[in-house]
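Visitor: I would like a quick tour of this model. Keep it brisk, please.

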Amino acid sequence: MLRVRSLVTHYGGIQALKGVSFHVSPGEIVALVGANGAGKTTILSTLCGIVPASSGEVVFDGKPILNMSPDKLVRRGLSQVPEGRQVFAPMTVSDNLILGAYHRRRTASREEIKADFDSVCQIFPRLFERLKQRAGTLSGGEQQMLAIGRALMSKPKMLLLDEPSVGLAPLVAKEIFEVIKRFREMGTTVLLVEQNARASLGIADRGYVLETGRITLEDNAAELLNDKEVQRAYLGKGYRHVWD
Amino acid sequence: MGIWNEKYECLSRDEMQQVQLERLQATVNRAYENVAFYKRLFDQMGIAPEEIRSLDDLSRFPFTTREDLRDGYPYDMFAVSLRDVVRIHSSSGMKYAPTVCGYTKKDLVNWMELAARTLSAVGIDKDDVVQVYFGHGLFAEGFGFQHGAESIGASVIPVSEDGPERQVAVMRDYKISALVGTPTYALSIAEQMEETKVDPHSLSLRVGVFGGAPWSEAVRAEIEKRLKITATDYYSLSELGGPISAECENKCGLHVFEDHFLAEIVDPKTGKLLEPGSVGELVLTTLTREALPLIRYRTRNLTSIDYTRCSCGRTLARMSRVCGRTDDMIVVQGVSFYPSQIEAILAEMECAELYYRLIIDREGSEDILEIEVAVSGEVLGDTVGAIERLEGRICTQVRAELGISPLVRLAELRTLKSATGGSKGIVVDKRT
C-alpha cells in the first residue's frame with residue numbers, strides 16, 4: 001500500500017531524514033519507533049505533503065505521491081491523525097466528525113456518510129454520548145478518540161497516527177491502542193508513529209526503529225519487542241528493568 | 001514441496017528489492033555506528049552510509065575480505081557488545097587463521113529459519129526422522145540444522161561426527177528418513193554399508209541435504225545411487241554459519257535467501273559487477289545479521305546468478321552450484337584455469353574414479369601439467385592399448401577445453417587415495 005524509498009528531508013540546513021526506506025502492506029499495522037527528535041513526525045509530515053522532501057520516492061496505492069498537496073492525498077485515501085489531537089475546539093463532536101468527510105460531500109451519498117458516522121460512534125461509544133458537546137471540553141483521551149474518528153470519516157485506505165498516546169494516562173492510552181488494533185479487522189492499513197515503543201510494538205505486525213533520521217532496524221514487531229538494541233535505544237543502559 | 005516461508009520466499013522482484021533496500025540501509029547504518037572497521041573504511045573512502053539510496057549504490061562501496069575478518073580476531077568485527085552475543089562459532093582455519101562469528105538471539109532465530117527453509121525445500125517435515133552428522137562443536141553447521149529440524153517438528157538425532165559404523169547403526173535402528181551432513185562423509189557411510197552388506201532398500205532413508213564444501217554432480221549421482229536417496233545441495237560460509245542458499249526439489253540451482261543476504265557477482269580480478277548469468281566471485285552483504293554484519297564480503301567462491309522464475313514457485317534468485325574458488329586458480333603456460341574444470345572432464349570418463357592429482361612442474365622455460373587420475377583395478381589390468389586410448393581421450397578433452405596438452409597417467413585407486421590424503425583432487429605445484 002505504501003512504499004517509501006530513501007526519503008530525504010531538510011529543515012533548512014539540517015538533514016532531518018537521511019534516506020529513510022520502509023513499506024506498509026495492505027491490512028498491516030506498522031509501527032515506527034524512535035526517541036524524541038529521531039524524525040518520526042518529520043516522516044509523517046513529509047508523507048502528507050506538509051513538509052517538502054528533498055529527494056526520495058513515495059508510492060501510495062500504486063501511484064507516486066512525493067510532495068503532493070495534503071488535500072489531494074486525503075482524497076486518495078491517506079489520512080493523518082496529527083500529534084496533539086488538534087480537534088476543532090469550538091465545534092461540537094458531531095460537527096468535528098462530519099467535517100472529516102468534507103471532501104466526500106460530492107462523491108458520497110448522505111446515507112453512506114451517515115452509515116460511517118454510526119460506525120464511528122459504535123467504535124467510540126464515549127463520543128456518541130457527547131455528540132453535542134464542544135470538542136474543546138473533552139478530556140485528552142476523548143479528544144484523541146475524536147481525532148481518530150474524524151480521520152475515519154474520510155474513509156481512508158491508510159491511517160497515519162502520530163503519537164496517539166502522548167499526554168494520555170496509561171489506562172486511556174491502552175484503550176486507544178485497543179481501538180487501533182481493531183482497525184486491522186476493518187481492513188484499514190495503519191502506520192503508527194510512537195515514542196511508546198512497547199505499546200505500539202505490542203499491537204503492530206512489523207516495526208522500524210528510527211535513530212537520528214536513519215532506520216537502523218526492521219523486523220516483526222514481536223522480535224523487536226524482545227530486541228536488546230531497541231530496549232537500549234529507548235531507555236539507555238541500565239534501565240532494562242524499567243522496560244519490564 | 002514445502003515452502004517454509006511463503007511470505008518471503010515468493011515475493012515479487014519489486015517487493016523483494018524494497019525489503020532488501022530497507023534492510024541494507026539499516027545494516028549499513030548499524031555497521032557504521034558500531035563497527036570501528038566499517039567506520040574507518042567508509043570515512044577513508046569519503047562515503048557516508050546515507051549515500052546508499054538504491055541497491056545499485058552498493059557497488060560503490062569497498063569490499064570486505066577474509067583477511068579483514070582475520071585481522072579483527074576475535075571480536076573486533078562484532079557490531080554488538082559481547083553481552084548480547086549468545087553464541088560464538090569459529091571457522092576451521094587451515095590455510096588461514098580462524099575467523100570468529102558471533103550470534104545474537106535474533107541471529108540464532110534467523111539461522112533456524114533458514115535451516116528450516118533448506119530442509120523443507122527437499123520435503124522434510126514433522127514426520128521425518130533426521131540424522132545430523134555435521135559436527136556439533138566449534139564449527140557451526142550441526143547446531144543450525146538441529147534447531148531448524150526441530151522447529152519443523154521433525155525428530156532429530158544429532159549423531160555428530162561419530163564413526164561410520166555408528167552412523168549406519170543409527171540409520172538402521174532409528175528408522176532415519178533424512179540425512180544432513182557433508183557429501184564426502186556420506187560416501188564413507190555408503191562404503192561402510194557396502195562393506196557390512198547393509199542393503200539401502202532395507203532402510204527408511206529418503207532424502208539428504210549436503211553441504212559444507214563444493215561437491216560435483218558426479219558425487220551427487222554416486223550418493224543418490226549408493227544410498228538410494230534424493231540428495232540436495234545447500235551453500236554456506238564457514239565465516240558466517242548457516243545456509244545462505246539451498247536447492248529446491250528441482251535441483252536446478254540454489255535459491256538464495258535474498259531477504260537475508262544480498263548477492264552480487266563480480267569479476268575476481270577487477271572487482272567489477274557482472275551481469276546475471278556470468279560466472280564470477282560471489283560477494284555477499286548480510287541484511288539481517290546483528291552481531292556480525294558484513295558488507296560486500298568476498299566469498300572467494302565462483303558461481304553465477306539466475307533471476308528467472310523457478311517452477312517450484314519460489315521467486316528467490318538461484319545461484320549455480322559453486323564451481324570453484326578464486327584462490328584455486330592455476331596458471332600453466334599462460335593459461336589460467338580452475339581444477340574444477342579438469343574435474344568436470346574426468347567425471348565424464350566412465351572408467352576413471354574421481355580421485356586425481358594435478359602436478360605442475362617446470363622444465364627449462366616450459367610449464368608442464370601432469371594429470372594423475374585413479375581408475376579401477378580392471379582398467380589397469382586391461383590391454384596397454386586400452387589404457388593408452390583412455391589417457392589419450394583425457395588429454396584430447398583437456399586440450400580442447402583449456403588449450404594445454406597435459407601428460408596423463410592412470411593410477412591405482414588406493415595408491416592415489418593415500419597420495420591425495422583422502423581428498424578427491426589435489427594440486428601439487430612444484431615450480432618455486
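Visitor: Is Arg296(B) buried, exposed or partly exposed?
Guide: This is a predicted model, where local features need pLDDT of at least 70, side-chain atom pairs count only at pLDDT 80 or more, and totals for chains, interfaces and linings use all residues. Residues are numbered from 1 along each chain as its sequence is written, with chains lettered from A and ligands numbered from 1 in the order in which they are written. A residue is buried if 20 or more other C-beta atoms lie within 10 Å of its own, exposed if 12 or fewer, and partly exposed in between, with C-beta atoms placed from the backbone. Arg296(B) has 18 other C-beta atoms within 10 Å, so the class is partly exposed.

Visitor: Which loop holds Arg296(B)?
Guide: Helices (H or I, at least four residues) and strands (E, at least two) are DSSP runs, numbered from the N terminus. Phi of Arg296(B) is near 50°, positive although the residue is not glycine. Its place is the loop between β11 (280-286) and β12 (297-303) of chain B.

Visitor: Which two residues does a cis peptide bond join in chain B?
Guide: Look in the loop between α4 (66-71) and β1 (87-90) of chain B, where Pro74(B) is found. Omega is about -5° at the bond, which joins Tyr73(B) and Pro74(B).

Visitor: How does the radius of gyration of chain B compare with the globule rule?
Guide: The radius is taken over C-alpha atoms, and the rule is 2.2 Å times the number of residues to the power 0.38. Chain B has 13 helices and 20 strands. For 432 residues the rule gives 22 Å, so chain B is as compact as a globular protein of that length, with a radius of gyration of 23 Å.

Visitor: What share of the residues in chain B is buried?
Guide: The C-alpha trace of chain B spans about 70 × 60 × 40 Å along its principal axes. Of the 432 residues in chain B, the buried share is 42%.

Visitor: In chain A, what angle does α1(A) make with β2(A)?
Guide: Axes are lines fitted to C-alpha atoms, for helices over the stretch in contact, and angles run from 0 to 180 degrees between N-to-C directions. The open sheet of four strands has the order β2-β1-β4-β5 in chain A, with antiparallel pairing. Its edge strands are β2 (14-24) and β5 (63-64) of chain A. Helix α1(A) packs on this sheet, touching β1, β2 and β4 (55-60) of chain A, and its angle with β2(A) is about 70°.

Visitor: How many residues of helix α1 of chain A are buried?
Guide: Among them are Ile43(A), Leu44(A) and Leu47(A). Just after the helix, Gly49(A) takes a positive phi of about 80°. Helix α1 (residues 40-47) of chain A is mostly covered, and its buried count is eight of eight.

Visitor: Which helix gives the most to the side of chain B that touches chain A?
Guide: Two residues are in contact if their C-beta atoms, placed from the backbone, lie within 7 Å. The contact takes 16 residues from chain A and 13 residues from chain B. With eight residues, the leading element on the chain B side is helix α2 (residues 13-34) of chain B.

Visitor: At what angle does α2(B) run to β2(A)?
Guide: The predictor gives the complex an ipTM of 0.87 and a pTM of 0.84. Helix α2(B) lies across β1 and β2 of chain A, and its angle to β2(A) is about 140°.

How values were computed:
Two strands pair if DSSP finds at least two bridges between them.
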